[in-house]
Amino acid sequence: MLTTDNSGTSMSDLPEHVRRNRAAWDLWASEYEDEGEAAWTNQTPTWGIWGVPESELGMLPEDLAGKDAIELGCGTAYVSAWLARRGARVVGIDNSEAQLATARRLQRQHGLDFPLLHGNAEAVPYPDASFDFAISEYGACLWADPQRWVPEAARLLRPGGRLVFLTNSFLMALCTPEEDGVAATDRLLRPAFGLYRLEWPDDPGVEFHLSHGDWIRLLRRSGFEIEDLIEVRPTETATTTRYAFVTLDWAKQWPCEEVWKVRRIT
Ligand SMILES: C[S@@+](CC[C@H](N)C(=O)[O-])C[C@H]1O[C@@H](n2cnc3c(N)ncnc32)[C@H](O)[C@@H]1O
């Protein structure tokens, strides 16, 4: 018997990178439970691997009450929970049923209910112009194919709607060694030109990393205007991250994360 996700797509009909990332995130989900639990209890959002406060990054629009929002690659859905608490009608979509199992448990624990869909953010089962706001923190923006998920986000947003995403910086993708658990160095280890899809030798997942020029052209082609690009710096009080791919010393000198803020114009 074929099992399908919430968009009615069976595993065999998914693009190869989506199939691989589904298997990878079903495997990794248990390692993200504690972080998800802690983030669900945060009343004030903090972002990325250094926990930079919302007051510094301004990821969320101020007027979310009554707005329709979607989180693309919601994982344990703490970002969706922050949106729901600010009065948004939020939907989370994620490719991993195991991640969503944690999200559903935390919804029950916190008494917060919103739709959680199992599916691919490159093909979301909602009509055109359903949302005012779309967000992704290391979700679809890192693990889905930008040529597919960016136009899909544009389709889902109403004119004037905003898309905000936070992902690894392109610079860090160039400086990270292939060996698992080794942090980014101060050397460029791979060519920038031609980088798009990135697979690490010891890792089952598939990531996507675009140069700034490639992001700008894709976003504009998809109907977005760019409002901001923030190169994220750890806060003064940041001490450590549990992620081995970068050190605090590196992240204080170069951006290891970047935030894109764009608005749908057409
Ligand atoms: C690092 S988590 C980020 C989510 C959230 N910020 C968190 O930390 O729980 C990455 C998530 O992206 C999801 N993901 C990967 N590819 C996806 C796709 N094509 N569509 C929807 N979700 C996807 C994974 O299943 C995973 O839950």
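Gly36 counts as buried, at 1% relative accessibility, where buried stands for under 20% relative accessible area, exposed for over 50% and partly exposed for what lies in between (1.4 Å probe, protein chains only). The residue is found in helix H2 (residues 33-41); helices (H or I, at least four residues) and strands (E, at least two) are DSSP runs, numbered from the N terminus. Leaving aside residues up to four places away in sequence, Gly36 touches Thr76, Tyr78 and Leu106, a contact being heavy atoms within 4.5 Å. Between Gly36 and Val206 there are 22 Å in space, C-alpha to C-alpha, and 170 residues in sequence.

This is a predicted model, in which local features need pLDDT of at least 70 and side-chain atom pairs count only at pLDDT 80 or more, while totals for chains, interfaces and linings use all residues. Residues are numbered from 1 along each chain as its sequence is written, and side-chain values use heavy atoms, with hydrogens and water left out.

Consider next the open sheet, in which seven strands follow the order S5-S4-S3-S6-S7-S11-S10 with mixed pairing; two strands pair if DSSP finds at least two bridges between them. Its edges are strand S5 (116-118) and strand S10 (224-232), each of which pairs on one side only. On average, neighbouring strands of this sheet are turned by 15° against each other, direction ignored, with axes taken as lines fitted to C-alpha atoms, for helices over the stretch in contact, and angles running from 0 to 180 degrees between N-to-C directions. Helix H5 (residues 97-110) packs on the sheet, where it touches strand S4 (89-94) and S5, and its direction makes about 165° with that of S5. S10 and strand S11 (residues 257-264) run antiparallel and are joined by eight bridges, and Val232 stands opposite Glu257 in S11.

The structure also holds 16 aromatic pairs, for which rings of Phe, Tyr and Trp (its six-membered ring) must have centres within 6.5 Å, planes under 30 degrees apart counting as stacked, over 60 as edge-to-face and the rest as tilted. One of these pairs, Trp215 with Trp260, is tilted, at 6.3 Å centre to centre and 50° between the planes. Because Trp215 lies in helix H9 (residues 212-221) and Trp260 in strand S11, the pair ties together parts that are 45 residues apart in sequence. Trp215 is buried with a relative accessible area of 2%, and Trp260 counts as buried at 1%.

Trp25, Trp28, Tyr32 and Trp143 form one aromatic cluster. Over the ring of Tyr32 sits the charged end of Arg242, 4.8 Å from the ring centre, the criterion being NZ of Lys or CZ of Arg within 6 Å of the centre and within 35 degrees of the ring normal.
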